[in-house]
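This report goes through a few parts of one protein model. Please keep the sequence and the 3D view open while reading.

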Amino acid sequence: MQKTNKRVGLALGSGGMRGMAHIGVLQVLEEAGIPIDLVSGASVGAFFGAAYAAGMDLYALGMFAEALVRRDVIDVPRPFSDGLLSGNKFLRLCRIVTDDRTFSETVVPFWCSAVDLHTGETCYLHEGSLSKAVRASISIPGLLRPVRIGERTFIDGGTVEEIPIDVLRAHGADIVIAVDLSIGPVLRIRRANVRRVLFRSVDIMRAAMNRLTPKRADVLIRPDVSFMGQILPHDAAKGIRVGRAAAHEALPRIRELLQI
């Protein structure tokens, strides 16, 4: 890592399996010696942010992601209740990539966002089990069952805030690098079905959020993930490549801000 007197925060945004691009971004930042002092994530950004914060080797993480297949994530609950998927398989994946650590055992401080189902409040989880907090953050409404932690029930952190930037500022980040996985408001859908309509609706909602909410990051990395779906683990290798390409483009600006 190169030396700088500025504290650097990295915020990883939501986007389902498009989050494979986060791996490529993380790899390039590490290769370039960019110091990361604080990490936050929403939804899939929480998944990969937690893996990074827990110290998982990023190239092993890439191989892990590329090896995922449909049966690793799909688990239909019986009887059906509050989600199309139970999420138990996602929880197992969370435990693997975080080495089943707690927040107090991370290599760098980490926060993941989740939304209280009853109050609509965004909460930044920062204690207890990493895997359970991440599982709460990826609870896409209607798809993955909500998660109860203590007295609260949580759904996807990206429901309200796509990229958790402010929490890093609040904890002392001087420079914030954010990774935005949103895609444009126009995308042609072939052979519409319930799943595609659901996820396209999420895309439209997030595009509207992007227009209304200015990004408060110093550097915004936007990989072109428009070719990827949100739930099934396809095209992971390509997702990692586009993440790497977008991070390489951002490096000159990052180095300028950090004066390294």
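## Strand β3 and its partners

Strand β4 (residues 122-125) runs antiparallel to β3, and 4 bridges join the two. Strands here are DSSP runs of E with at least two residues, helices are runs of H or I with at least four residues, and both are numbered from the N terminus. Two strands count as paired if DSSP finds at least two bridges between them. This is a predicted model, in which local features need pLDDT of at least 70 and side-chain atom pairs count only at pLDDT 80 or more, while totals for chains, interfaces and linings use all residues. Residues are numbered from 1 along each chain as its sequence is written, and side-chain values use heavy atoms, with hydrogens and water left out.

Opposite S113 stands Y124 in β4. β3 and β4 form a hairpin with 5 residues between them, and G120 in the turn has a positive phi of about 80°. Strand β6 (residues 152-156) is also antiparallel to β3, with 3 bridges; there A114 stands opposite D156. Strand β2 (residues 38-42) pairs with β3 in the parallel sense over 4 bridges, and V39 has F110 in β3 as its bridge partner.

How many residues of β3 (residues 110-116) are buried? The count is 7 of 7, where buried means under 20% relative accessible area with a 1.4 Å probe, protein chains only.

## Helix α1

Helix α1 (residues 20-31) has 12 residues and reaches 18 Å from its first C-alpha to its last, close to the 16 Å expected at 1.5 Å a residue. The expected span is 1.5 Å times one less than the number of residues. After α1 comes G33, with a positive phi near 75°.

Because 10 of its 12 residues are buried, α1 is largely enclosed by the rest of the structure. Among the buried residues are M20, H22 and L29. Their cover includes β1 (8-12), α2, α3 (58-67), β7 (175-179), β8 (219-221) and α8 (236-258), with contact meaning heavy atoms within 4.5 Å.

## The largest cavity

A cavity is a set of points on a 1 Å grid over the protein atoms alone where a 1.4 Å probe fits but cannot get out; lining residues have an atom within 4 Å of a point. The structure holds 2 cavities of 30 Å³ or more. The largest has a volume of about 200 Å³, the volume being the space filled by probe spheres set on the points.

This largest cavity is lined by 16 residues, and G16, M17, V44, F90 and I138 lie nearest its centre. α2 gives the most to the lining, with 3 residues.

Notes. 1 Å grid on protein atoms, 1.4 Å probe; cavity = no way out; pocket = protein on both sides within 12 Å on 5 of 7 lines; lining within 4 Å. Buried < 20%, exposed > 50% of the residue type's maximum accessible area, 1.4 Å probe, protein only.
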